[in-house]
Amino acid sequence: MQLTEDQLKALKRKRGELNYSVLELSKATGVSRWTLDKILKGHTNVQEATAKKVNDWIIKQYMND
């Protein structure tokens with residue numbers, strides 16, 4: 001499954017707003033820090049379960065705003 005550019009942008013934006021390290025983001029999303037590191041570097045082809053975890057976290061963050 002492919003994460004979209006909008007999903008990647010939202011992930012990076014929320015990470016910056018919260019001032020999260022990759023390790024903190026990993027704990028918050030449930031995605032391994034190595035996978036998140038790859039995603040943040042632009043490797044957006046991920047497993048469906050990973051994409052769901054990232055997407056769910058993004059939605060949760062925007063719902064809390």
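The model is predicted, with local features needing pLDDT of at least 70, side-chain atom pairs pLDDT 80 or more, and totals for chains, interfaces and linings using all residues. Residues are numbered from 1 along each chain as its sequence is written, and side-chain values use heavy atoms, without hydrogens and water.

Colleague: Is Asn19 buried or exposed?

Modeller: Asn19 sits in the loop between helix 1 (5–18) and helix 2 (22–29); helices are DSSP runs of H or I with at least four residues, numbered from the N terminus. Buried means under 20% relative accessible area, exposed over 50%, and partly exposed in between, with a 1.4 Å probe and protein chains only. Because its relative accessibility is 65%, Asn19 counts as exposed.

Colleague: What is the phi of Asn19?

Modeller: Most residues other than glycine have a negative phi. Asn19 is not a glycine, yet its phi is positive, at about 55°.

Colleague: Where is Asn64, and how far is its C-alpha atom from that of His43?

Modeller: Asn64 lies in the segment after helix 4 (48–63). His43 is 21 residues away along the chain, and the two C-alpha atoms are separated by 27 Å.

Colleague: Which residues of helix 3 meet helix 1?

Modeller: Helix 3 covers residues 33–40, and its axis is 10 Å from that of helix 1. Contact means heavy atoms within 4.5 Å. From helix 1, Leu8, Leu11, Lys12 and Arg15 take part, and they meet Leu36, Ile39 and Leu40 in helix 3.

Terms used. Helices (H or I, at least four residues) and strands (E, at least two) are DSSP runs, numbered from the N terminus. Axes are lines fitted to C-alpha atoms, for helices over the stretch in contact, and angles run from 0 to 180 degrees between N-to-C directions.
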